[in-house]
Amino acid sequence: MPEYMTLDRLSSVLAVQNSTPTWQNMENYLLNARRGSHVTGISELKKYFSRFGYLRSKYATNFTDEFDFALESAVARFQSNHGLSVTGKLDSKTVSQMAAPRCGVPDTTISSTLFTLHGTKRYVYFPGKPRWTRRMPMTLTYAFSPDYMIRYLSLSDIKAVFERAFSRWSSVIPVSFAETEDYAYADIRIGFYSGDHGDSEPFDGVLGVLAHSFSPESGKFHLDAAERWAVDFGSEKSTVAIDLESVATHEIGHLLGLAHTPVKEAVMYPSLKPREKKVDLQLDDVQGVQALYGSNPNFSVNSLLESDISTNWSVNLGNSTKYSLIFWGMVFYLLSSF
Ligand SMILES: [Zn+2]
Ligand SMILES: [Zn+2]
């Protein structure tokens with residue numbers, strides 16, 4: 001089965017300098033571009049959508065500046081995948097969504113689960129619906145790279161963050177996680193990497209793409225070492241600080257087999273704002289992962305419904321557009337050859 005990989009950075013036109021995506025400067029003349037428009041910079045947009053799985057010919061170099069049918073379709077699918085109004089043109093919400101930092105995993109995956117009977121969009125899997133195939137209940141081991149960690153956070157703090165993130169998933173499915181010192185043989189291998197780190201998906205510096213991981217049963221879990229990772233916003237004052245626990249929880253979802261959901265409140269939604277904390281699994285996350293692994297016998301959906309999750313869920317069922325989003329990076333996936 002091919003391995004699906006997260007893309008870890010925005011295209012060059014979306015390169016992030018400090019906290020301001022440079023391409024926001026392009027917004028004025030790209031804004032409201034629609035089919036038939038011929039605007040300098042459209043070719044760069046095509047590269048962007050191409051890299052993130054919304055256009056074929058991912059690595060085509062001869063994109064034109066015409067806003068053609070394929071691009072309109074890509075924009076529409078991008079909007080649909082992010083819970084935006086589907087207009088097929090570059091409205092301001094779409095443009096700002098593209099400019100924001102996010103996860104590197106692709107958005108366009110299995111669409112058959114995208115709509116429920118009620119037309120509600122929901123959880124998504126990778127093509128082929130890969131999952132860990134061991135006998136239930138299973139235990140997956142994880143380890144931190146002995147060489148690629150960050151120094152400004154203590155190892156004990158980092159370990160505590162990941163332990164909490166793993167436990168959120170293990171509380172809902174019959175899969176448990178155990179840390180091991182044996183990095184080479186761990187099922188899930190976690191490390192912080194800078195720029196080009198050997199998997200053809202170089203990281204991009206501050207913001208942009210924050211992390212990427214692989215679908216089952218790869219276990220590779222990479223975080224961008226250039227981010228200002230935070231375990232506590234009380235002590236970490238940076239305006240571009242990213243909550244490590246939120247990203248860890250999200251990436252574990254990928255490692256288990258979940259792709260990006262269009263449900264904005266869910267952990268598996270692809271974007272996260274700096275200084276935002278989003279660690280509680282939502283109904284969409286739980287239903288998605290339980291459809292792969294079954295339910296943890298100790299899990300009660302009532303506990304989920306009684307919490308504020310149900311509030312979030314009902315908000316989602318409405319037509320809320322309360323988020324102004326920042327991406328974890330754009331998502332697309334590669335049919336990886338390794
Ligand atoms: Zn992701
Ligand atoms: Zn990587």
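**View 1. Ser213 finds its bridge partner in strand 8, namely Phe221.** Strand 7 (211-213) and strand 8 (220-224) pair in the antiparallel sense over three bridges; two strands pair if DSSP finds at least two bridges between them. Helices (H or I, at least four residues) and strands (E, at least two) are DSSP runs, numbered from the N terminus. The model is predicted: local features need pLDDT of at least 70, side-chain atom pairs count only at pLDDT 80 or more, and totals for chains, interfaces and linings use all residues. Residues are numbered from 1 along each chain as its sequence is written, while chains are lettered from A and ligands numbered from 1 in the order in which they are written.

**View 2. Five strands form an open sheet in the order 5-4-6-8-7, with mixed pairing.** Strand 5 and strand 7 are the edge strands, each pairing on one side only. On average, neighbouring strands of this sheet are turned by 20° against each other, direction ignored. Axes are lines fitted to C-alpha atoms, for helices over the stretch in contact, and angles run from 0 to 180 degrees between N-to-C directions. Helix 5 lies across strand 4 (138-144), strand 5 and strand 6, running at about 165° to strand 5. Helix 6 (residues 244-256) lies across strand 6, strand 7 and strand 8, and runs at about 25° to strand 7.

**View 3. UniProt, in an unreviewed entry, lists Asp204, Gly205, Asp224 and Glu227 for "binding site".** These residues span 24 residues in sequence, yet no two of their C-alpha atoms are more than 9.5 Å apart, so they gather at one spot. UniProt positions are given in the numbering used here, feature names are shortened, and annotations may be inferred rather than shown by experiment. Gly205 is placed in the loop between strand 6 (188-193) and strand 7; with 18 C-beta neighbours inside 10 Å, Gly205 counts as partly exposed. Glu227 is found in the loop between strand 8 and strand 9 (228-230) and is buried, with 25 other C-beta atoms within 10 Å. A residue is buried if 20 or more other C-beta atoms lie within 10 Å of its own, exposed if 12 or fewer, and partly exposed in between, with C-beta atoms placed from the backbone. Leaving aside residues up to four places away in sequence, Glu227 touches Val206, Leu210 and Ile242; two residues are in contact if their C-beta atoms, placed from the backbone, lie within 7 Å.

**View 4. Asp187 is also listed by UniProt for "binding site", in an unreviewed entry.** Asp187 lies in the loop between strand 5 (175-179) and strand 6. It counts as buried, with 20 C-beta neighbours inside 10 Å. Not counting residues up to four places away in sequence, Asp187 touches Leu140, Thr141, Tyr142 and Gly219.

**View 5. Val161 lies in helix 5 (residues 155-170).** With 23 C-beta neighbours inside 10 Å, Val161 counts as buried. Val161 and Ala248 are 87 residues apart in sequence and 7.9 Å apart in space, C-alpha to C-alpha. Not counting residues up to four places away in sequence, the contacts of Val161 are Val231, Leu244, Glu245 and Ala248.
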